[in-house]
Amino acid sequence: MNAMDRLDRKLRARLLLEQRVEDDRLALDDATLLAALAGTAPLTPAQAAALKASPLTLRRFRQLALERRQTQSAASDRAWRGSGGMLRAAAHGALARLATDDGWWSLHFVRGAAGWHSVLQLDPLAPFAAALLRERAQVRVTDGAGALVLGGALDADGELEAAWPFADAPAVHFQRQGARFMVQPGAA
Amino acid sequence: MRLPGTRYQEHGWEQVRKLLGECSLEVLTPPLLARACDPATAAEALSAYVDDLAAALHAHARRTRGAAAANSYGDSVAELALALACELRARPADWSAFSAALAAEYGRDPAFWTRADAAGLLRKKLNDLYAVLRDKVDSDNYQVACGRPCSPNRIYAYRMLDMAHAQIARLFDNWEANRAQVGAILGREVTATPIEARQLTGIGACRAEWIERWSASQEGFGDGPGPLHTKSKRFEALKGHPEKIQAMLAEIGEYETLSATLDAAWMQDGEDAGAWLDDLDRVLGEVSAAPGYEEQEGEPRDWLDCLAPGLDEPLRLAIYLKVLGPADDSYPPHWLDPASGELPTMQALAARAGVSLPTFRKRRDEALERLRAAGEQG
């Protein structure tokens, strides 16, 4: 939308909202307006005429429409589509932890008797944490070349653990594969 | 007092009222008053009055008094005064009442505004005008915010109950000095600190029967009959209905608690304040798609088409000036007066259009009327 369109839209909105009718009342109830907004029950022509004739009802319509948009955008903020991260420093051998850029995921590396292990950890404060834990969501971690590092369902603590699948140690491997990694929803 | 959506019910109202009075006295010159008195020119006088008043209020916006907060949502005194001035323009019936009151004064004494007491008289009429208007505006705001019916009189009743609670709380706090009236309110003799004084932690904890007994006791202890005991019909709906009083007290109390924890739930004009228009067009579009709907001939389909023909730049800018104000982030820089950084004044725009200010104002108002009619069509 260009600047003039935005300005004219603002003007039109203001003109609509500024109108007053003496002894105006709420001509349609919230249930009717919400059903029309949701598209479940379109307004009848008489209801549409009532909406246009009552600036007060139109203002209530605006309030409900904006509240609905806010709820929707809050819900989409909570939805998670994936997080990416980078290998920050030139780590040699001693890479213990990587974090995604959004800070909600961390990837830990532990050296055991049988070799390296990686542990993915979800920050419980992440806006999408509750939904992922409730669903025991499947997640997958890939390196910069798209190869699977680990994948599976998160446990109740928001963790996922697996043996390190590559020959090179984590620091060397990530450096060779573009120094990037991704955490994404979906089965391995 | 705070209620959902209301803006004019807090301490700052006094300042808003005073600023409106002061700026109105500046702009209501004798010639304008004469036009306001005459039914033939009253509408034109309203338009001129609101324009000049808005300019005067804009000038106050950055001064100490105008910039002070007038409510707990952070609206300034000047902003609220300006919003009320815009409301007046949209409510010609209120202006008619004001101009009828002026005309009556003029009928009694054609030279009344040259008299020494003219300012006081005018201020009184302006106070009446805006006192009515603020409750109309807030009852609308309340309905928009919560979807429940309301009326200006109901807003007035909420305010009376809020005031009554404050008085009762004061009496309870000083129960020793007001032993007899506190006793009348509680319906028993008070000999020690009443437990009710500690229980009254807010308006939500105030009991309807205390309000009723307080009002009844005012005749004997106060300056005259209490609000529920006058001959006025104003609070007729509440008389003898403690349950209604209790529900209203609870509502004020609940909202006070709620709004104390919310920072400005007020819907600001954000980045895409017009997004709801898409919803409106969609909802109205679904109606016309429904069977049995006949599209009316001659409805303007494209709203902007109505803007374009015959609308030269001065007129277009005058419309923005009127509706969105002299400064708006969306204005392209070449529209702005380099000196002020704002849109040119009406005077300057009229000069650019090559017509007199009244003629230009009339053209602008006519164009606005067409736009308003077109705006509803989507």
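A residue is counted as buried if 20 or more other C-beta atoms lie within 10 Å of its own C-beta atom. The legends below refer to a predicted model.

Figure 1. Of the 378 residues in chain B, 32% are buried. The secondary structure of chain B consists of 17 helices and zero strands. Among contacts in chain B with a separation of 6 or more, 65% are made by residues 24 or more positions apart. The domain assignment divides chain B into domain 1 (13–149), domain 2 (154–261) and domain 3 (301–375).

**Figure 2. The largest nonpolar core, in chain B.** This core has 33 residues. Those with the most contacts inside the core are B:V16, B:Y49, B:L53, B:L57, B:A81, B:L84 and B:A85. At least two core residues come from each of the chain B helices α1 (13–27), α2 (30–37), α3 (42–60), α5 (77–90), α6 (92–108) and α7 (118–146). Helix α3(B) gives the most to the core, namely nine residues. Another core, of 32 residues, lies apart from this one and includes B:C150, B:W210, B:M248 and B:L249.

**Figure 3. Surroundings of B:Y49.** B:Y49 belongs to the residues with the most contacts inside the largest nonpolar core. When its neighbours within four places in sequence are left aside, B:Y49 is in contact with B:V27, B:L28, B:L32 and B:A36.

**Figure 4. Contact between domain 1 and domain 3 of chain B.** The centres of domain 1 and domain 3 of chain B, taken over C-alpha atoms, are separated by 23 Å. Four residues of domain 1 of chain B are in contact with four residues of domain 3 of chain B. On the domain 1 side, the touching residues comprise one nonpolar, two polar and one charged.

Figure 5. B:I185 is buried because 28 other C-beta atoms lie within 10 Å, where 20 or more are required. Beyond its neighbours within four places in sequence, B:I185 is in contact with B:I168, B:L171, B:W210, B:R213, B:W214 and B:S217.

**Figure 6. Contact between chain A and chain B.** Chain A contributes 36 residues to the contact, and chain B contributes 36 residues. On the chain A side, helices α1 (3–18), α2 (30–38), α3 (45–53) and α4 (55–78) each supply at least two residues. Helix α1(A) gives the most to this side, with 13 residues. By class, the side of chain A that touches chain B has 17 nonpolar, three polar and 16 charged residues.

**Figure 7. The open sheet β2-β3-β4-β7 of chain A.** Four strands form this sheet, and their pairing is antiparallel. The edge strands are β2 (97–99) and β7 (159–163) of chain A, each of which pairs on one side only. On average, neighbouring strands of the sheet are turned by 15° against each other, direction ignored. Strand β4 of chain A (residues 115–122) is joined to β7(A) by five bridges. Within this antiparallel pair, A:Q121 stands opposite A:E159 in β7(A).

**Figure 8. The open sheet β1-β8-β5-β6 of chain A.** This sheet is formed by four strands with antiparallel pairing. Strands β1 (83–86) and β6 of chain A are the edge strands, and each pairs on one side only. The twist averages 10° from one strand to the next. Four bridges join β1(A) to strand β8 of chain A (residues 180–185), and the two strands run antiparallel. In β8(A), A:M182 is the bridge partner of A:G84.

**Figure 9. The β5–β6 hairpin of chain A.** Strand β5 (residues 138–143) and strand β6 (residues 148–153) of chain A run antiparallel and are joined by five bridges. A:T142 has A:L148 in β6(A) as its bridge partner. Four residues lie between β5(A) and β6(A) in this hairpin. In the turn, A:G146 has a positive phi of about 90°.

Technical notes. Residues are numbered from 1 along each chain as its sequence is written. Chains are lettered from A and ligands numbered from 1 in the order in which they are written. This is a predicted model: local features need pLDDT of at least 70, side-chain atom pairs count only at pLDDT 80 or more; totals for chains, interfaces and linings use all residues. A nonpolar core is a set of buried Ala, Val, Leu, Ile, Met, Phe, Trp, Tyr and Cys residues joined through C-beta atoms within 7 Å. A residue is buried if 20 or more other C-beta atoms lie within 10 Å of its own, exposed if 12 or fewer, and partly exposed in between; C-beta atoms are placed from the backbone. Two residues are in contact if their C-beta atoms, placed from the backbone, lie within 7 Å. Domain bounds come from an automatic or database domain assignment. Ala, Val, Leu, Ile, Met, Phe, Trp, Tyr, Cys and Pro count as nonpolar, Asp, Glu, Lys and Arg as charged, and the others, Gly among them, as polar. Two strands pair if DSSP finds at least two bridges between them. Axes are lines fitted to C-alpha atoms, for helices over the stretch in contact, and angles run from 0 to 180 degrees between N-to-C directions.
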